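Please keep the sequence and the coordinates at hand while reading.

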Amino acid sequence: VKIQDQVVVIGYGTAAKRDLTGSIAKVSAKELENKPAANPLNLLQGKVAGLSVVASGRVGAEPDVRIRGTNSINGVKPVYIVDGILNDNINFLNPADIESIEVLKDPSSLAIFGVRGANGAIAITTKKARAGQLIVNFNTSFGVKSVQDRIKLTDGPQFKMLYDEQMKNMGSSFNDQYFKANTDWQDEIFQSAFVSYNNISISGATEKNKFYMGLGYINEEGLIKHEEYKKYTLSINDELKVSKALKFGFTFTGYHAMLPVNKDVGSAIRAAPIAPIYDPNGSGLLHTLPAFQRAQVFNPLVSVETEKFTAINKEYRAVGSIYGELSFLKKFNFRAQLYADYGFNTSRRYDPILVVYNPEI
């Protein structure tokens, strides 16, 4: 009996092949290359049955990834394996350096990862050089994104009519002397954002050596004014074949990002549309909102315009490994691997003094 026809070896365990049918999904580089994204996980949207990928909309943010729904009260994120190295996230990867992505959903295929595999696993293989080829590849893409489905709100006249009716029912009235505007706060904070993805790679291989290097630069503006995300990546791997039985190699991925100062859209949804944006007297100061909501809601542009460029957030990460592999007795391989994952963040910010125009003082 041919055992390989009956079982599939996974890590150091085995599973019946029929149990794995439909439970391992593979996405190749060809399916990913025409869908640029800052985070590799966004590339999986709509690609794998049973895999939910929901982007937050915030520039540079990691999407919500769930395999077959919510499986644990202690978190929903799957574990990521990049060239054999376990990671909690893969934002350090350049999508252009990915050769394939495999989504593991079967319990038996996840056994090797223990409790970390409770929510599934996503295994990623990065690109390697192909024997006998010297390839230089450059690609760039750019585009514009915008908010298409905005929350429908009342305009200035509609809001005033409804609020006046409420005040009459309460036996009161509202003095609108300074609040006769018709402001769409969503229009004021949102923008058409420019995105740009640039990658160059060099790979070459001989019978003895395989080398690959990729450089990537991503510049992505946020949907709210003055948000911007920049990402730089460097990926290198090399494999040296000493003899038919012995080979050595290393992998390295370096990542540096300039993180955006994310703003909130909540105030733009709640702010009364009857308030002007700026002081009508020409002082240049932002206008306050009406007294009935002033204590809870600021003019949305206070955060967007006055607090822009008040923080510098940087992220660094380096992931790599060195390995040696020995083949013997035709069917056996012994592999020793040492890997490291090092990352840190730096942050600087200041809080400016905010001065706004209040006509009621």
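## Basis and terms

A residue is called buried when its relative accessible area is under 20%, exposed when it is over 50%, and partly exposed in between, as found with a 1.4 Å probe on protein chains only. The model is predicted, and local features need pLDDT of at least 70, while side-chain atom pairs count only at pLDDT 80 or more and totals for chains, interfaces and linings use all residues. Residues are numbered from 1 along each chain as its sequence is written, and side-chain values use heavy atoms, with hydrogens and water left out.

Helices (H or I, at least four residues) and strands (E, at least two) are DSSP runs numbered from the N terminus. Two strands are said to pair if DSSP finds at least two bridges between them, and contact means heavy atoms within 4.5 Å.

Five strands make up an open sheet with mixed pairing, in the order 3-8-9-6-7. Its edges are strand 3 (24–28) and strand 7, each of which pairs on one side only. Neighbouring strands of this sheet are turned by 20° against each other on average, direction ignored, where the axes are lines fitted to C-alpha atoms (for helices, over the stretch in contact) and angles run from 0 to 180 degrees between N-to-C directions.

Strand 8 is mostly covered, with five of its seven residues buried. Strand 8 runs antiparallel to strand 3, to which five bridges join it, and Ile24 stands opposite Leu104 of strand 8. Strand 8 also pairs in the antiparallel sense with strand 9 (residues 121–126), over six bridges; here Val103 has Ile122 of strand 9 as its bridge partner, and Ile101 has Ile124 of strand 9.

A second open sheet to consider has seven strands in the order 10-11-12-13-14-15-16, with antiparallel pairing. Strand 10 and strand 16 (332–349) stand at the edges with a single partner strand each, so one side of each is left without a neighbour in the sheet. Strand 15 and strand 16 pair in the antiparallel sense over 18 bridges, and within strand 16 the bridge partner of Lys314 is Thr346.

## Two buried asparagines

Asn219 lies in strand 12 and counts as buried because its relative accessible area is 15%. The C-alpha atoms of Asn219 and Lys230 are separated by 4.7 Å, although the two residues are eleven residues apart along the chain. When neighbours within four places in sequence are left aside, Asn219 is in contact with Phe194, Val195, Ser196, Glu228, Tyr229 and Lys230.

Asn91 is placed in the loop between strand 7 (85–87) and strand 8, and it counts as buried because its relative accessibility is 19%. Beyond its neighbours within four places in sequence, Asn91 is in contact with Asn39, Lys231, Tyr255, Glu315 and Arg317.

## The largest pocket

On a 1 Å grid over the protein atoms alone, a cavity is a set of points where a 1.4 Å probe fits but cannot get out, whereas a pocket is an open set with protein on both sides within 12 Å along at least five of seven lines, and lining residues have an atom within 4 Å of a point. Grid points are joined across faces, edges and corners, and a volume is the space filled by probe spheres set on the points.

The largest pocket holds about 770 Å³ of space. It is lined by 33 residues, and Glu33, Ala96, Lys127, Asn137 and Asn139 are the closest to its centre. Helix 2 (29–32), strand 8 (98–104), strand 10 (134–145), strand 11 (193–205) and strand 12 (209–221) are the elements that give two or more residues to this lining. By class, the lining of the largest pocket divides into 15 nonpolar, ten polar and eight charged residues, where Ala, Val, Leu, Ile, Met, Phe, Trp, Tyr, Cys and Pro count as nonpolar, Asp, Glu, Lys and Arg as charged, and the others, Gly among them, as polar.

## The cavities

The structure holds two cavities of 30 Å³ or more. The largest cavity has about 120 Å³ of space and is lined by 15 residues, of which Val82, Asp83, Thr251, Thr253 and Val319 lie nearest its centre. At least two residues of its lining come from each of strand 7, strand 13 (228–241), strand 14 (246–259) and strand 15 (311–328).

The second largest cavity has a volume of about 40 Å³, and its lining consists of Lys225, His226, Glu227, Val261, Lys263, Val304, Lys308 and Phe309. These residues divide into three nonpolar, one polar and four charged.
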